[in-house]
Structure formats: structure tokens, C-alpha cells
Amino acid sequence: MMRLSILIPTYNRADNVKDQLSFINSLPDLPDVELEIVVGDNSDNSKTEDYIRTNNFNNVKYYRNENNIGYGRNVLKCYKSATGDYLWLLGDKNYFDVNNYRNIVGLLHEKHDAVLIADKIGIIQKELFNDVDILVKDFGFRFSNLNCSILSRDCKTILENCLKYADLNFSHVAVILEYLCSLNHISVIWYQANIFKLRNSQTAYWRNNVFQVFAHDWFYTIMALPSKISVSSKLICMRGQDTRYHIFSPYTILKSRILNTRHYSIKDLKNNREYIELTSFTTYWKSLIAIFIPVGLMRLLFQMCKILGFKKVL
């Protein structure tokens, strides 16, 4: 019998947790799998706690922090609290195609050190990695769902090493790579699964702090990884996300400002200027110009393009 712990760190998202628990408990019963659900609650209200206590779930291990200890420390605490053979950091926003559940469990029975899940079309469906340095080279580009990873319970041995990442918004990445670096040999499966989003009851922190998170925090997370990973691989990894998502490109900034999906501030850009060109292929000045252009003017130009028949402007 394999025990699978599903980790749900959360903050003021009681509705999301309710939907997530309902989804997990609707998964097909497999004779060789026992599910444990760990909910780590950073909330400043009791809504999540009240729901869990009222329903008295047999397979849920719940704790509520006295104070908000931050996302990173809450993730690490979830890992520490879990007792499974494999620990699946799923979060409170993501769920997956039920048809993939049996496939994922099947991969875990193959005794890999980790199963990393990607959710974008175009990535090979299943690929095995045995070299952590090669894995890191592809990590930034491939890891589209950073918080959907499944690790062997042995990862708990390196959690103390990950405290230095706790304030960098990528502690979940640090746990994966610190653990894999601690092994003499690795067996990691990168698996493509359909990941869907649950409704989000609040704006994600990174949407208002794009340069802080994806330039500063991403840079320090990757560069702080063990020396077992070469500097060249770390640099490729850091720019991998930009290769795929172009987070700092003028086009992305302009599009996000028109659609009001992210907030790019000049202050955030200036505070993290030195990290922009290390984590992307965009220059500071291009990003600055894209932020300076008035939103009203951009929307006017957008409307004019639509009138003139340019159907796909954004």
C-alpha cells in the first residue's frame, strides 16, 4: 500500500479549499493507494478551519498558523507535516484531469525520486531525467506549473536547507532541486497532464510584483542552489521562463496593462533593474518604455486596430 500525501498550503481561500477537498475526495479509489490531505492555513479568518472542522474529514490533517508565516514557510511546514511515501504539492488553485490520476499513480509505483507535472501542449508527454544538471537546464522553460510536483518522502531530509529560500516566493522550486542535488543518482519523470485552475478568490501576489518575483526572487533562488549544478545551467534555467512566457517583454507588458491582468510598476522595475537582463532577454529600457506609455493611448490604438480589421492584435 502506497500512502500519497496531497499538500494544500492556503491563505484566505476557503472556497478554493472547499472545492479542492471535494475534488480530491471524488478521485477514484485505488486499492493500492491511501490518500492523506495536508492543509496548511495562513488565513487571518476561521472560514477554512470552520469548514474542515464541521465536515470532520477522516483523511485531512489540518493546521492553522497563529500568524501568517508566509507562503514559503507554509509550504515547508506542509512537507514536514506529511507522512506519505510521496508528497504532492498541489495547492489550493490547481486540479487535474481525473483520467491522468491513474497514470500519475502508476508512475509513482515505478519508484522515481520525483514526478514533475507540466500543463502545456507541446511538451513531450513523458520524459525521464537521470542528471540533475541537465534537468535544471530545462527547468525554467518546462516547469509551467511550479507548484504541482510530487517528491519522495526522502525530500524531508533537506527541508532545513530550504529555509534560506523561504522569503523568495520559490521555496517549492528549492525543495525539488535541493532534494535532487542531495542524491547521488536521480530518477525524475517529467509528465504532461491537463491542469485546470480552480477559481481564485484573490489576486495572486506576483501579479502586482512581477519584477520582484520573476527577476529578483527567481535569480536568488536559482543562484543559491548547490554548486553541483553548473553556473551555465543556472543561467539557462533563469532565462528559461522568459524564453517561454516573455514576462518582461514590451509586448507582454503592454498587453497585460491593456487587459489589466498584471500590474507593472516603475518602482518595482527600478528596484530590480540589475536582475532583469540576467533572467530575461529584455533590456531594462524596453520594459521601462512599455510601462511609461499611457494605458488610455494603448486602448485607443487597440480599438482603432479592431475597427480597421486587425482581428488578432493581442
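Of the 61 residues that make up the largest nonpolar core, Tyr 79, Phe 139 and Leu 180 are the ones that touch the most other members. The model is a predicted one, and a second, separate core of 34 residues includes Val 33, Val 39, Tyr 62 and Leu 90.

- Once its neighbours within four places in sequence are left aside, Tyr 79 is in contact with Leu 7, Leu 87, Leu 89, Ser 149, Leu 151, Cys 155, Lys 156, Leu 159 and Val 175.
- In soluble globular proteins, nonpolar side chains tend to be buried together.

- Not counting residues up to four places away in sequence, Trp 88 touches Leu 4, Ser 5, Ile 6, Leu 7, Phe 96, Ile 104, Ile 117, Cys 148, Ser 149 and Ile 150.
- Trp 88 and Ile 158 are separated by 70 residues in sequence and by 16 Å in space, taken from C-alpha to C-alpha.

**Salt bridges**

- The structure holds 10 salt bridges, and side chains of opposite charge can pair when their charged atoms come close.
- One of them joins the side chains of Asp 92 and Arg 13, with an N to O distance of 3.0 Å.
- This pair links distant parts of the chain, 79 residues apart, as Asp 92 lies in the loop between S4 and strand S5 (94-96) and Arg 13 in the loop between S1 and helix H1 (14-24); both Asp 92 and Arg 13 are buried.
- Another salt bridge is formed by Asp 85 and Arg 153, whose closest N and O atoms are 3.0 Å apart.
- Asp 85 sits in the loop between helix H3 (71-81) and S4, while Arg 153 sits in the loop between S8 and helix H6 (171-181), so the pair ties together parts that are 68 residues apart in sequence.
- Asp 85 counts as partly exposed at 22% relative accessibility, and Arg 153 likewise counts as partly exposed, at 45%.
- Within helix H2 (residues 47-55), Glu 49 and Arg 53 lie 4 residues apart, about one turn of the helix, and their side chains meet in a salt bridge of 3.7 Å, N to O.
- Glu 49 has a relative accessible area of 22% and is partly exposed.
- A network of salt bridges links Arg 3, Glu 34, Glu 36 and Lys 61.

**Surface patch**

- Leu 297, Leu 300, Leu 301 and Met 304 make a nonpolar surface patch of about 360 Å².
- Met 304 belongs to helix H13 (residues 295-307), and its relative accessibility of 41% places Met 304 among residues that count as partly exposed.

Methods
Residues numbered from 1 in each chain as written. Predicted model: local features only at pLDDT ≥ 70, side-chain atom pairs only at ≥ 80, totals over all residues. Heavy atoms only, no water. Patch = residues over 30% accessible without salt bridge, like charges linked within 9 Å, V, L, I, M, F, W, Y side chains within 5 Å. Areas by Shrake-Rupley, 256 points an atom, 1.4 Å probe, with all protein chains shown as cover. Salt bridge = Lys/Arg side-chain N within 4 Å of Asp/Glu carboxyl O. Helix = DSSP H or I, 4+ residues; strand = E, 2+ residues; numbered from the N terminus. Buried < 20%, exposed > 50% of the residue type's maximum accessible area, 1.4 Å probe, protein only. Core = buried A, V, L, I, M, F, W, Y, C linked by side-chain atoms within 4.5 Å. Contact = heavy atoms within 4.5 Å.
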